[in-house]
Amino acid sequence: MTARLVDIAAQAGVSEATVSRVLNGKPGVAVSTRESVLAALDVLGYERPVRLRRRSEGLVGLITPELDNPIFPAFAQVIAQDLTRQGYTPVLATQTPGGSTEDELTEMLVDRGVHGIIFVSGLHADTAADPARYEVLRGKGVPFVLVNGYAPDVTAPFVSTDDRTAAHLAVTHLATLGHTRIGLAVGPRRFVPVIRKIEGFRSASHEHLGLPEKDTAELIQHSLFTLEGGQAAAATLLARGCTGIVCASDLMALGAIRAARDLGLNVPGDISVVGFDDSPLIAFTDPPLTTVRQPVHAMGQAAVRALLEELAGTPAPPGEFLFLPELVVRGSTGAGPKR
């Protein structure tokens, strides 16, 4: 107990005596100090004493397309933690191959009386999907927020990474290193983030390499957002003479590195690879991956804040909140070939 008091006090920035007063429900502690101690308990993984547990404000659903890609658990963790701090109970619903669809998960959550739903990279990002499903949900009185993938026909708050800027940053970095033949490995062309990354890629290729849009077609390869998809796309781009490859996810980038090594090429000695997301642990790959970081914490917190404003009856105007990505340079990119 003493060791625990020390840890909690250090985390909350208060004395051990203050922690003891809070845990024992003693008076004479400021509300803000009490909240700091309770937050420290949550952060350190200790359970709050039963008498101090806040009654749940209600359930909030969180739907993700998968958990194999580490960026989705990262979003889920940030959103769930922030919902918990605000007194809500998060309910994670994840699609799996052959399992429930997004519509089925949404129906399940609505049947269980959730107060709202946050969708991460859902069907709203698919231009081939019918956006009417979200208006049906709104008609049921369930507010929702959509992360990554803007659909102008849906009246709701959207929180997105600026994918155009992300691709532009990656191409600019490789062009600055001297690469003149840069390829883009992305997912299926119907997804909004893919469309935007292509726009950013083409803009940067024209700006830095003088390539007109028609000349970038063979430098763009569509595949799956997986390691295997990245490997297949990169193999094609390498066969077309690319020495720098920009990937639409970190998993695809790892696949691109595998494709280069299968051909006996060194990364970054012969081929430079840039990922996207800055997923957990990606800094510890071999080589450490240069990537474009999504601001996951800021985006997750913004999604929760937007949903709570809807629940409070003071919604922000519907539209898209764009967050700027950040280029993180590590060991998978190097100088381009000498002319």
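Author: The lining of the largest pocket splits into 18 nonpolar, 10 polar and 9 charged residues. Here Ala, Val, Leu, Ile, Met, Phe, Trp, Tyr, Cys and Pro count as nonpolar, Asp, Glu, Lys and Arg as charged, and the others, Gly among them, as polar. Bear in mind that this is a predicted model: local features need pLDDT of at least 70, side-chain atom pairs count only at pLDDT 80 or more, and totals for chains, interfaces and linings use all residues. Residues are numbered from 1 along each chain as its sequence is written, and side-chain values use heavy atoms, with hydrogens and water left out.

Reader: What volume does the largest pocket have?

Author: About 930 Å³. A pocket is an open set of points on a 1 Å grid over the protein atoms alone, where a 1.4 Å probe fits, with protein on both sides within 12 Å along at least five of seven lines; lining residues have an atom within 4 Å of a point. The volume is the space filled by probe spheres set on the points, which are joined across faces, edges and corners.

Reader: And which lining residues are closest to its centre?

Author: Pro-65, Glu-66, Phe-72, Ser-121 and Phe-225, out of 37. Helices H4 (71–85), H8 (192–209) and H9 (227–239) and strand S9 (272–277) each supply at least two lining residues. Those are DSSP runs numbered from the N terminus: helices are H or I with at least four residues, strands E with at least two.

Reader: Switching to packing: which residues touch the most other members of the largest nonpolar core?

Author: Phe-201, Cys-247 and Val-273, in a core of 41 residues. Such a core is a set of buried Ala, Val, Leu, Ile, Met, Phe, Trp, Tyr and Cys residues joined through side-chain atoms within 4.5 Å; buried means under 20% relative accessible area, exposed over 50%, partly exposed in between (1.4 Å probe, protein chains only). A second, separate core of 25 residues includes Leu-62 and Ile-118.

Reader: Which residues of H10 are buried?

Author: Among them are Met-252, Ala-253 and Ala-256, and Cys-247 touches these three. The cover over the buried residues of H10 includes S6, H9 and S8.

Reader: Last one: why does Leu-324 count as exposed?

Author: Because its relative accessibility is 63%. Leu-324 sits in the loop between strands S11 (319–323) and S12 (326–328). Beyond its neighbours within four places in sequence, Leu-324 is in contact (heavy atoms within 4.5 Å) with Asp-162, Thr-165 and Pro-295.
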